[in-house]
Amino acid sequence: MTTHPKITSLAVAFSKKWENATIEKRESQVFLRDFLGIFGITIVPSEHFEYTVNKNAGERGYIDCLIRAKIAVEMKSRGEDLDRAFEQLKDYVQYLPQDDIPKILMVCDFETIILDFGKKRFEFKTKELRKHLDLFGCLLEEDEDPKLREQMEASVKAAEKMAKLHDALKGCGYAGHDLEVYLVRLLFCLFAQDTNVFPKNSILEYVKGSKRDGSDLSLKIARLFEFLNIPQKERVQRTGLPPELSNFQYINGSLFAEQLSFADFDEKMRGTLIECAALDWSRISPAIFGAMFQGVMDKDYRREIGAHYTSEENILKVINPLFMNDLRREFERVKNTPKKLDAFHTKIAHLKFLDPACGCGNFLIIAYRELRKLELEILKRKFGKNAQLKINIMWDFLRVNVEQFYGIEHEEFPCQIARVGMWLTDHQMNLEASDQFGCYYARVPLIQSATIAQGNALRIDWESVVPKKKLSYILGNPPFAGARIMTSEQKNDILHIFGSKFKGAGNLDYVTAWYGKAANYIRATNIRCAFVSTNSNTQGEQAALLWKPLFEEYNVEIDFAYRTFVWSNEAKGKAAVYCVIIGFSVGQQSKSQLKGLSVFEEENNFDADAPQAAYGKHKVIYENDGTEIKAANINHYLVDAPNTFIESRELPLCAVPDMVFGSMPNDAGLLSNYSTKEKRHIVSEHPETKTWFKRLLGAEEFINNIERWCLWLEDVSPSDIKKSRFLKDILTKIRANRLKSKRLATRKLAETPYLFGEIRKPKTKYIIVPGVSSERRKYIPTGFLSPNIITNNSVLIIPGATLYHFGILTSGVHNIWTRAVCGRLKSDYRYSKEIVYNNFPWPKATNAQETAIKQSAQAVLDARAKFPDSSLADLYDPLAMPPALRKAHQTLDRAVMKLYKFANNMSEAEITAELMGRYRELVGYK
């Protein structure tokens, strides 16, 4: 196999990243995502990770990662027995369907990779991966559209060449606005020479016609740019124009109107431009290339060329349910009725689209391409697949054009790329129409153009870009920035949009401002919207903060939604981004109230039951596995349930013990952060401290069975404290540290430096719940602790709780509730008492039923106790969970489901909806 240079470079970067990394077991999925990304494989966690294998007698196994028919991977911690891991993997693979059996079995402990091909086995170090890429040939076999793969490779190559040219020009002092416009013009020219706008290779030959040292190339290019802006009728009146310019027709569109300063070339730069011109630019995708091209302007992104564009797959997740699915269905209904088909054709030519965070325009480009493809199908029905049309007929019947598309972008350079990208896409689609109907057609000179406004979309009046009376759809991928990491400008933008209408607006992520502005803009219209955003907008406290006013004040309804999925094209080495897609519009109103029909629709008496006006009639939720769920209503947790706002509550909704945080040290680690080794050393030096040390648990210590100790001095006499030289030293430091605080309450704590800042130490056994837990676990590990064990404020505790409470909290039902309403730290669950625990609708239970739950809960604790050397992280790892523990949880789950009167086959979404219904009853929703 000949390895593409890009794959080699990605393999080198991968090896460098992981060669010296501190590896924990939970890092295996990140490792595999990076590894398979080298070969262009996009991981869908629900499909590829923790693949379930059904063995004999109902027993199950879990393959760490399976790419069907290609590779199965078993990951182990460093130093574990990889031969044993192979036997385990082989055992699992034999139960796969025949078509899914992989060509490669791979085991890895992060440092060493072993591959098994049946008769041959290869072993090498991860850092030597680049030398063995030929072994992974099957991973490069095409499952995807070959044309898309070809476009991707061509676009990457073109972007790399343009990066070289950009650096050379910038190195000579040619920078800023002039450089950006210069490169965009060159992009257009290079594309034009390979798509029949200019004669084939005309730009290449024009550049080759310059002097070898490049001394006259700057002038030649300047003359070309000037010439491309001269209308044909003016050209005939001018004399002395170089004959070589006659190959190039008038372009217009203002692309070449501005006069730029000269960009000086030398021999090497001339050679770089020739390399660029020698590529086949007809093979690039404007949607892919645009964002890559923007990336070449920033060296921080340079190493990630190919990783920063929004994938077509994700864009289609937005535009298909937003409008293309409806339009295709309407086409199927009218395609056999000429009059209705022509009206439909006219309709799609009057739809208008806005992306208010358009970047390089890839959402607009893909949307325009899909609309043009639909138009081509219309023309085939009108004229037949093999009709030969004359050029004037082409002009008349290609009605969809770039003027239907609008964008807003903060930076100038992406604006320029977006405009040119739309022109390039228009020309590509014109070529497709030409191929179909046997008549070359190009819209040159450029008369029509997409409207791309430069500015802050949250400050610009969208009506000034496109009046909402004319607009049909809003779509895009607004920027992600969490509430805690926004710049001051972004925070001001949030307050500008939400003002006093949204309580707690300061806790909203930046992307939510686009939801707020769009909701206000589309009032009393038929406009439909869809945005990609982080999943935090549908979880925890933020969900109610954003969606309650959108639903109640703006009358917004969610029309469709993709539940949480991993953004598939994040940069290598960057944290995964967990996203949702939400399509929304204003709620249904009577036709007399609704003023959103476009001018065209009103003039042509369009039926209000046509797809664009029929929003709300079919709502759909899309799951990660591709399942489509028809919904009566989609609420802000993206489940089929009424709009129910789980808001912060100080006390439990039901009659259960209060949940509180563990004790907060506020001690700079001087009382609360001692390892077993440190404790032993201190006790050996200061024997008086032996009885003062107590076991301390935070979330990490509890889950991973890490021994941590604290000095608990609550009951130590002042004389004992005074006698200890060790204590006097650390207490002096704690006192000084607390006195430095800006908070009055913390400074007051300096009066008692020997105590934790906040003390919550139960006198009896109590339940512990980690504040943060991995999203990979089906069950959040909870437990019972002795009062002799101290907890810190990274966990929550329930003093006075019983086995019954433990059973309900550790059940699948409660974990489903948690996943639906809790906040997230990255993708991990962030448990909170105010949102999750205090709002949870507990079941009603008789004494006998409570006893049954207690017995099942004790069985879970007993199953854990069989593995004293395993941490909760080990026991609840989906790949390692012991059968006995899994069975105990399943028994408990059935008992809790029975208590709620839930059917055993209910889906997670159905259980969530039922729990929200019970919550509504408890809080008195009308």
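Here are some friendly notes on the predicted model above, point by point.

1. **How to read the model.** This is a predicted model, in which local features need pLDDT of at least 70, side-chain atom pairs count only at pLDDT 80 or more, and totals for chains, interfaces and linings use all residues. Residues are numbered from 1 along each chain as its sequence is written, and side-chain values use heavy atoms, with hydrogens and water left out.

2. **Confidence.** The predictor's confidence in each residue, pLDDT, runs from 0 to 100. Its mean over the chain is 85, and 87% of the residues reach 70 or more. Please read two stretches with care. Residues 300–308 stay under 50, with 27 contacts beyond four places in sequence in the model; residues 569–575 also stay under 50, with 19 such contacts. Contact here means heavy atoms within 4.5 Å.

3. **Overall make-up.** The chain has 34 helices and 26 strands; these are DSSP runs numbered from the N terminus, helices being H or I of at least four residues and strands E of at least two. Of the 926 residues, 56% are buried, where buried means under 20% relative accessible area, exposed over 50%, and partly exposed in between (1.4 Å probe, protein chains only). Among contacts between residues at least 6 apart in sequence, 73% join residues at least 24 apart.

4. **The nonpolar cores.** A nonpolar core is a set of buried Ala, Val, Leu, Ile, Met, Phe, Trp, Tyr and Cys residues joined through side-chain atoms within 4.5 Å. The largest has 66 residues, and Trp 817, Val 821, Tyr 831 and Trp 842 touch the most other members. Helix α33 (residues 883–900) contributes the most to this core, 8 residues. A second, separate core has 55 residues, including Leu 183, Leu 224, Ile 417 and Leu 446.

5. **A mixed sheet.** Four strands form an open sheet in the order β17-β19-β18-β23, with mixed pairing. Strands β17 (674–675) and β23 (790–791) stand at the edges with a single partner strand each, so one side of each has no neighbour in the sheet. Two strands pair if DSSP finds at least two bridges between them. Strands β18 (residues 693–697) and β19 (residues 708–711) pair in the antiparallel sense over 3 bridges, and Lys 694 stands opposite Cys 710 in β19.

6. **An antiparallel sheet.** Another open sheet of 4 strands runs in the order β16-β24-β20-β22, with antiparallel pairing. Its edge strands, β16 (660–661) and β22 (783–785), each pair on one side only. Strand β20 (residues 766–770) pairs with β22 over 3 bridges, and Tyr 766 stands opposite Leu 785 in β22.

7. **A buried aspartate.** Asp 559 lies in strand β12 (residues 556–566) and is buried, at 2% relative accessible area. Its side chain makes a polar contact with the side chain of Arg 528 (3.5 Å).

8. **Two positive phi values.** Most residues other than glycine have a negative phi. Ala 524, though not a glycine, has a positive phi of about 55°; Ala 524 sits in the loop between α20 (512–521) and β11 (528–534) and is partly exposed, at 30% relative accessibility. Lys 901, also not a glycine, has a positive phi of about 65°; Lys 901 is in the loop between α33 and α34 (908–923) and is exposed, at 76%.

Terms used. Polar contact = N/O pair within 3.5 Å; in protein donor to acceptor, adjacent residues only side chain to side chain.
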